[in-house]
Amino acid sequence: MATNSIRLNQNLIEKATIIAKALNRTPPKQIEHWAKIGEIMEDNPDLPYEFVRQAIIAQAERDAGKLEAYDFG
């Protein structure tokens with residue numbers, strides 16, 4: 001993955017550092033997470049945040065091979 005340097009507001013970096021520590025992420029990964037959520041929310045303005053959060057978790061579970069087939073009965 002290619003990386004680039006960008007300038008960010010110091011307040012954003014400080015907040016990301018605090019939240020990242022609480023969630024066992026690095027500050028850059030926390031900012032990437034926020035950007036990902038922001039992008040999804042802008043692309044889908046009618047979706048509630050909790051739905052988006054659960055969709056991100058479901059995708060991570062799928063990527064880890066932890067999903068089970070659903071039986072529609």
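The questions and answers below go through the pockets, the aromatic pair and the salt bridges of a predicted model.

Residues are numbered from 1 along each chain as its sequence is written, and side-chain values use heavy atoms, with hydrogens and water left out. Because the model is predicted, local features need pLDDT of at least 70 and side-chain atom pairs count only at pLDDT 80 or more, while totals for chains, interfaces and linings use all residues.

Me: Which helix gives the largest share of the lining of the largest pocket?
Reply: A pocket is an open set of points on a 1 Å grid over the protein atoms alone, where a 1.4 Å probe fits and protein lies on both sides within 12 Å along at least five of seven lines; its lining residues have an atom within 4 Å of a point. The largest pocket holds about 360 Å³ of space, and of its 13 lining residues the closest to its centre are Asn4, Ile6, Leu8, Pro28 and Glu32. Helices are DSSP runs (H or I, at least four residues), numbered from the N terminus, and the largest share of this lining, five residues, comes from helix H2 (residues 27–43).

Me: How many residues in the lining of the largest pocket are nonpolar?
Reply: Asp, Glu, Lys and Arg count as charged, Ala, Val, Leu, Ile, Met, Phe, Trp, Tyr, Cys and Pro as nonpolar, and the others, Gly among them, as polar. By these classes the lining of the largest pocket has one charged and three polar residues, and its nonpolar residues number nine.

Me: Which helix supplies the largest share of the lining of the second largest pocket?
Reply: The second largest pocket has a volume of about 180 Å³, where a volume is the space filled by probe spheres set on the grid points. Among the residues that line this pocket are Leu23, His33, Tyr49 and Arg53, and H2 and helix H3 (49–63) each supply at least two residues of the lining. The largest share, four residues, comes from H3.

Me: What is the angle between the planes of the aromatic pair formed by Tyr70 and Phe72?
Reply: Rings of Phe, Tyr and Trp (its six-membered ring) pair if their centres lie within 6.5 Å, and planes under 30 degrees apart count as stacked, over 60 as edge-to-face and the rest as tilted. A search of the whole structure finds one aromatic pair. Tyr70 and Phe72 form this edge-to-face pair at 4.8 Å centre to centre, and the angle between the planes is 80 degrees.

Me: Is Phe72 buried or exposed?
Reply: Buried means under 20% relative accessible area, exposed over 50%, and partly exposed in between (1.4 Å probe, protein chains only). Tyr70, its partner in the aromatic pair, has a relative accessible area of 64% and is exposed. Phe72 has a relative accessibility of 77%, so Phe72 counts as exposed.

Me: Which residue forms a salt bridge with Lys29?
Reply: A salt bridge is a side-chain nitrogen of Lys or Arg within 4 Å of a carboxyl oxygen of Asp or Glu, and a search of the whole structure finds three. The side chains meet at 3.3 Å, N to O, and the partner of Lys29 is Glu32.

Me: What is the N to O distance in the salt bridge of Glu50 and Arg53?
Reply: Glu50 and Arg53 are separated by about one helical turn because they are three residues apart in helix H3. Glu50 is partly exposed at 40%, and Arg53 is partly exposed at 33%. Their side chains meet in a salt bridge with an N to O distance of 3.0 Å.
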